[in-house]
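Dear colleague,

Please find the structure below, followed by a short account of what was found in it.

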Amino acid sequence: MEFIKCKNLEELGQLCANEFKNIIVKKPNAILGLATGSSPIGVYQNLIKMYKNNEISFQQITTFNLDEYLGLKHEYEYNSYRNFMNENLFNAIDVNKNNTFFPCKTSDLLDSKKDYSDYDKEIANKGGLDLLILGIGSNGHIGFNEPGSSKNSTTRVVELTSSTIKDNSRFFNNNINDVPKYAVSMGLQTIYQAKKIVLIVVGESKKQAFEALKNHKEFNADWPCTVLANHPDTKIFYIEN
Ligand code: F6R
């Protein structure tokens, strides 16, 4: 893991977007793994700028998002991760939306036994993720791999912990009961198989998880982010609080 300290959000957004640009310029049909949430927004804004300046094109790009809510109430459909990506990136670039994938639809019925591992197979069939961008939860989750997740987990139904539900309630008028309790998420193994990973760590609430990441040299299921400890090409962009 390489730790890169950034002066501010602006610098962080630019540096992470450059990681995308380097890949896309070398491989115009790259396979990208994408995150939602507050952390990557500045990166996506920089990617949009690069696209508008004709520095990069997404015409041949394929994307796989990390996760999607299950059982989102109809009035909160705007909070679906599909909608987030449309609003924050896809609508502003030349990506073919038929090549943008999510592990489930928010309208899928909750079936904890349903097998979602075809998502991993689709990623592998396309040659694997060339670059995956991640945020981190205050409890150390990456994707929605909550504490206790197995290192060998693949894409599956996950139950969100109360801390994640509380963290995400800010998008649901602070109403904890309206936050979905389940999602489908890439697993830790799916994430680990990405050729290159960029992790963003910003905010006071991430301090403990960040410490855990720095201090663990091996995977510890209490802090799912530690799966990155042995990943061959992970860069962690952070701002010191
Ligand atoms: C989002 C995701 C989550 C977030 C994490 C941090 O697709 O998988 O792991 O990256 O919860 O969220 P923010 O960036 O909103 O603090």
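Which residues of helix α7 (residues 207-215) are buried? They are A209, F210, A212 and L213, where buried means under 20% relative accessible area and exposed over 50%, with partly exposed in between (1.4 Å probe, protein chains only). Seen down the axis of α7, these buried residues fall within an arc of 160 degrees, so they line one face of the helix; the arc is that of the directions from the helix axis to the C-beta atoms. The exposed residues Q208 and N215 sit on the face of α7 turned away from its buried side. The cover over the buried residues of α7 includes β1 (2-5), β9 (197-201) and β10 (234-238), contact being heavy atoms within 4.5 Å.

This is a predicted model, in which local features need pLDDT of at least 70 and side-chain atom pairs count only at pLDDT 80 or more, while totals for chains, interfaces and linings use all residues. Residues are numbered from 1 along each chain as its sequence is written, and side-chain values use heavy atoms, with hydrogens and water left out.

The protein chain has seven helices and 10 strands, which are DSSP runs numbered from the N terminus (helices H or I, at least four residues; strands E, at least two). Its C-alpha atoms fill a box of roughly 45 × 40 × 35 Å along the principal axes. Of the 241 residues of the protein chain, 53% are buried. Among contacts between residues at least 6 apart in sequence, 79% join residues at least 24 apart.

With kind regards
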